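Student: I would like to go through this model with you and ask what stands behind each term. Could you show it to me first?

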Amino acid sequence: MMNNVSMLFSGFAVLFTFQNILATIFGAVLGLLVGAMPGIGSLAGVALLLPLTFKFNPTTAIIMLGALYYANMYGGAFSSILIGIPGDGPAVMTMLDGFPMATKKNRPGQALLTSNLSSFIGGIIGMIILTFMGPLLAEFGLKFGPAEMTALLLVAMTSIGWLVGENPTKGILLTAFGILLASMGMDTLSGMPRYDFGSIYLLGGVPFVPFVIGVVGFSQVIRLMGERHEETKLVVEKLSIKNSMITLHDLKRLLPPAIRSGVMGTFVGVLPGAGATTAAFMGYAVQKSFKSEEPLGTGAIEGIAACEAANNAAAAGAFAPLLALGIPGSGTGAVLLGGLMMWGLNPGPLLFTSSPEFAWGLIASLFLANLITLMISWGVIPFLVKILSVPTRLMIPIITVVCIVGSYSTSNSMYGVLIMFISGVLGFILSETGYNTAPAVLSFVLAPLLESNMRKAFIISRGSLSIFVEKPISLVFIIILVITILFPLIRLALVKFGVMKKK
Amino acid sequence: METSTKKKKITVMQVIPLCGIILGAAFIYLGISKYGFWDEFKGPLPGFFPTLIAILMLSASALALFSSRKEETVSWTLDNWILPLSVIGIFLATWVIGLLLSLAIFVLVWLRKFEKCSWKTTLTVFAVVAVIVVGAFVLWLGVPFPKGIILTMLAN
């Protein structure tokens, strides 16, 4: 335990360089801005800013992205509270009490500060648990061979593809699509070119950055075209730091739900497919069974604290399987993982021993990002009215240009722009027709790892499937996999026979 | 009794799983015939994994096609396609006048002609875009953007 603390301090030593601190501040500011603007979200934000990190060394680059992802969780609540439109998925629950507190109770500044403080508390709890759980998980991961890794990767992919979204079949279809796209180019084991369809460009495979910018960034801008005439109606005209201060009584109301949700949210964040949105929903649901001074949904401080602490803790908790096992829990995690791989780092059980400066530097940077984001989000309160008033129609050409130059810069060729364009249009059509594109991004990133482990497992077992059930760890994962697959089917049957209500 | 002879139109809800079926079939065919599935001594070959996944995709697409009959189709307005069409325009213009100039024209035309913004708003947004592109991508990252035929000819 003490070793973890000393490693964390060594992480702070790595972190405290001028460049890394600047990267953390830059990531935090951008994350807050991207999160505050409704409709962009952390996934698109991280994807769009990925090319900007090319100039940095891997540690600085991922520190910036980590701060950006983290600050995004803070920013998502701003529009929920001041406009009544959630900036991202996790902020949906914040709106239930945040918006009434700003409008009916006429305490918009206090609602923002409650949200910021709860996010900070939840985040700190998540990071403390991550500090101890990450290395433990990595130690456990050292026992994994190809069979265990295959089973674990199948669980991660299935849980996101099968459980996220309304239609499991569509989730599986896109998971398979992402894997097939990733298998184009060179075969990872033999080096043999495959599925290049005679194109010299496809010999190198589908480039990750343009693909992800298209699927989550450009598709989002096309979608925004339909909303560009909608006017932003802010609940206040002016905000100041002085008028946003909360009382000691407010703080006493905020602390218990924030601490409770912080612990719970961290463990939800560790589960693949669950993520910050589920954590926020669960935090709010749990708060319902505890006493609140005012009823939830009427602008209760406890309601804001419960979901904001939970979603920030989940964002921190999600780093544990990402760093220790190389398994992202969400689409944004997949983009971060893709970024890590791009810089030659291989997250997994060996990361904590082979690149401790990186792993601990990143964890330390989350602590710093949490503190910096709290200060910035506090300081930015007077400017929020202006930031949130930027019309969508002005954002469209700016994001489009960033999508184009960002995807060009990865390969210095228009091929990158072409990939971004095709995946963007495809991503838009798919999301409009009820297909969630996050499983495609996740499977695209994890496919090479899954393929190499699966093939190695089959080489060891000489083609026998028994290798996956003979080893206890992989057997457990296979059982989880079967339960995951059966869960929507059982739910469907229960709804059909009237035992359960339809979602 | 009147029998309905009205043909059901194929919508985008059916087109997507149909594309999935075609893509899955193509990957299975290439995987088995061209790249190889299994070797007795070497074990799984390069076509092994994509073929398995393609079978999964083909099955999921068939299921999605079957359930798509009950789904309502979606319709899009021209507004949604103006942006992709503009990007195609930028793509074509890049060969002639280069990427940066194409993007500059796109931003100005988009804001002035399409969004009917004032010159003040247009120039403010243009300045923001210029700072991002020139500041971050040209000066900081040093990205060599294509100059296009005309600028290359002038430079030579």
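Tutor: Gladly, and let us begin with a term: a salt bridge is a side-chain nitrogen of Lys or Arg within 4 Å of a carboxyl oxygen of Asp or Glu. By that rule the count between chain A and chain B is 1 salt bridge. A word on the ground rules: this is a predicted model, where local features need pLDDT of at least 70 and side-chain atom pairs count only at pLDDT 80 or more, while totals for chains, interfaces and linings use all residues. Residues are numbered from 1 along each chain as its sequence is written, chains are lettered from A and ligands numbered from 1 in the order in which they are written, and side-chain values use heavy atoms, with hydrogens and water left out.

Student: What makes K170(A) and E71(B) a salt bridge?

Tutor: Their side chains meet at 2.7 Å, N to O. The cut-off is 4 Å, so the pair qualifies.

Student: How do you know which residues of chain A are in contact with chain B?

Tutor: Contact means heavy atoms within 4.5 Å. With that test, 65 residues of chain A touch 67 residues of chain B. The buried area, which is the accessible area (1.4 Å probe) that two parts lose on being put together, summed over both, is about 5700 Å², and carbon and sulfur atoms give 82% of it. On the side of chain A, L180(A), Y195(A) and M414(A) lose the most, together 13% of what that side buries.

Student: What is the make-up of the side of chain A that touches chain B?

Tutor: Sort its residues by type: Ala, Val, Leu, Ile, Met, Phe, Trp, Tyr, Cys and Pro count as nonpolar, Asp, Glu, Lys and Arg as charged, and the others, Gly among them, as polar. That gives 42 nonpolar, 12 polar and 11 charged.

Student: Why is R462(A) called exposed?

Tutor: Exposed means over 50% relative accessible area, buried under 20%, and partly exposed in between (1.4 Å probe, protein chains only). R462(A) has 76%, so it is exposed. This residue also has a positive phi of about 55° although it is not a glycine.

Student: What makes the bridge between K105(A) and E294(A) a link between separate parts of the chain?

Tutor: The closest N and O atoms are 3.0 Å apart. K105(A) sits in the loop between α5 and α6 of chain A and E294(A) in the loop between α11 and α12, so the pair ties together parts 189 residues apart in sequence. The helices (H or I, at least four residues) are DSSP runs, as are strands (E, at least two), numbered from the N terminus.

Student: Which other residues does the network include?

Tutor: E294(A) also bridges to R253(A) at 2.5 Å, and both are buried. R253(A) in turn bridges to E302(A) at 2.9 Å, and E302(A) is buried as well. Through shared partners, K105(A), R253(A), E293(A), E294(A) and E302(A) join into one network.

Student: What is the confidence in chain A?

Tutor: pLDDT is the predictor's confidence in each residue, from 0 to 100. Chain A averages 86, and 96% of the residues score at least 70. Confidence is lowest in helix α17 of chain A, at a mean of 77, and highest in α19(A), at 94.
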